Structure formats: C-alpha cells, structure tokens
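Welcome! Here is a short tour for anyone meeting this structure for the first time. Have a look at the sequence and the model, then read on.

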Amino acid sequence: MNKRDQMRELARVESEKNGVFTFLSWMICISLFVVTEKGWVSAETVLLIGQFAGLFAIKKSWKKETIQLKYLTNRDAKRHIHLMSIFNFLTFPILLILMFGWITKQIETPYFIGLMVTGGVISVIGHKWYERYMVRLDENYVTERELKEEQKWGSA
C-alpha cells in the first residue's frame, strides 16, 4: 500500500464522468426556478429536492474518503478526513438556502454576491491550509495538486 496505488484509485474515482447527471441537475435548477416563481412549490420542498440532487456528489466524496482512509496511517489524519467529509455534506444545504433566498428575492443581489465571493475565498484558503496540515500529519496523504499532476502525465 503506497501513495502510487492510492493515486491510481483516486484518479479512477475522479475520472468518472457524470454528463447526464450534470445536464439533469441544470434542468432541475431551471425548472425549480420556474416552479418557485409560480408559487407551486414550498421552500422546504425545494431544499429537499436540492439535497437529493447533491447525493451524487456526496457519493463521490464518500468514495474518495474511503480510499484515503485505507491508505493513511496516522489516526488523527483519518479523523480529519472524516470530519472534512461531514463538513462538506453540511455546507451544501447552506448554499441551497442562500440560492433559494436570492432567487425568491429574499436576499438582495449585492449581499448574495458578497456572501458567495467571501465564502469562496475562505473555502479556497481553508482547503490549502487543510492540505498542508494533512501532509504534515501523514506522508501518505495525496493532495489535489499531486493528483492532477498524475492525471496530466498519466503515470498513475
């Protein structure tokens, strides 16, 4: 069990294409916008549908976590991987709520854009810090940059 085998497995999971799912997700978003504007569906129903739409991304995240847990040796690193997956799962409904509030004009556009930009910057910086910390905890942790480099050159 080495880092190269882990990269191969992660690259396989990353290469799974979900073109049909992406198309259907956009169609659901457009139809939810129309249905919400007409007043045919409640906010709770929209959030429930959005949570179900996110299950495929959560499944992919779960597969990646399972692969990483198999190869990591440090107990703290394994715990942090699991906590990050839970955190990612819990942030998805917050994004749905913000999007729904913006679509239904409950949140003003400048406020929404400010929240999204701020959240995106915090997310990117936080992910970089998280990866640096994980590399220090366990040398078997594969960063996103390493995985993309391996996919690019095809040596994994």
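A residue counts as buried when its relative accessible area is under 20%, as exposed when that area is over 50%, and as partly exposed in between. Please keep in mind that this is a predicted model. With that in hand, let us start at the surface and work inwards.

- Phe23, Leu24, Met27, Ile30, Phe33 and Val34 make a nonpolar surface patch of about 570 Å².
- One of these residues, Phe33, is found in helix 2, which covers residues 19–38.
- Phe33 has a relative accessible area of 39%, so it counts as partly exposed.

**The nonpolar cores**
- The largest nonpolar core has 8 residues in all: Met7, Leu10, Ala11, Val13, Ile67, Tyr71, Val142 and Leu147.
- At least two residues of this core come from each of helix 1 (3–14) and helix 4 (55–71).
- Helix 1 supplies the largest share of this core, with 4 residues.
- Another core lies apart from this one; it has 7 residues, among them Leu72, Ala77, Tyr130 and Leu137.
- Which residues does Leu147 touch, leaving aside those up to four places away in sequence? Its partners are Met7, Leu10, Ala11, Glu14 and Val142.

**Salt bridges**
- Arg8 and Asp5 meet through their side chains, with 2.9 Å from N to O.
- Arg8 is partly exposed at 39% relative accessibility, and Asp5 is partly exposed at 29%.
- Lys70 forms a salt bridge with Glu9, and their closest N and O atoms are 3.1 Å apart.
- Because Lys70 lies in helix 4 and Glu9 in helix 1, this pair ties together parts that are 61 residues apart in sequence.
- Lys70 is partly exposed at 43% relative accessibility, whereas Glu9 is buried at 17%.
- Glu144 forms a salt bridge with Lys64, where the closest N and O atoms are 3.4 Å apart.
- Glu144 lies in helix 7 (residues 144–153) and Lys64 in helix 4, so this pair ties together parts that are 80 residues apart in sequence.
- Glu144 has a relative accessible area of 29% and is partly exposed, while Lys64 is buried at 16% relative accessibility.

**Aromatic pairs**
- The count of aromatic pairs comes to 2.
- Trp102 and Phe112 form a stacked pair, 4.8 Å centre to centre with 5° between the planes.
- Trp102 lies in helix 5 (residues 75–103) and Phe112 in helix 6 (residues 109–137), so the pair ties together parts that are 10 residues apart in sequence.
- Trp102 is partly exposed, with a relative accessible area of 31%, but Phe112 is buried, with 8%.
- Tyr130 and Tyr141 form an edge-to-face pair, 6.3 Å centre to centre with 85° between the planes.
- Tyr130 lies in helix 6 and Tyr141 in the loop between helix 6 and helix 7, so the pair ties together parts that are 11 residues apart in sequence.
- Are these two tyrosines, Tyr130 and Tyr141, buried or exposed? Tyr130 is buried at a relative accessible area of 13%, and Tyr141 is buried at 4%.

Technical notes
Residues numbered from 1 in each chain as written. Predicted model: local features only at pLDDT ≥ 70, side-chain atom pairs only at ≥ 80, totals over all residues. Heavy atoms only, no water. Patch = residues over 30% accessible without salt bridge, like charges linked within 9 Å, V, L, I, M, F, W, Y side chains within 5 Å. Areas by Shrake-Rupley, 256 points an atom, 1.4 Å probe, with all protein chains shown as cover. Salt bridge = Lys/Arg side-chain N within 4 Å of Asp/Glu carboxyl O. Buried < 20%, exposed > 50% of the residue type's maximum accessible area, 1.4 Å probe, protein only. Core = buried A, V, L, I, M, F, W, Y, C linked by side-chain atoms within 4.5 Å. Contact = heavy atoms within 4.5 Å. Phe/Tyr/Trp six-rings, centres within 6.5 Å; stacked < 30°, edge-to-face > 60°.
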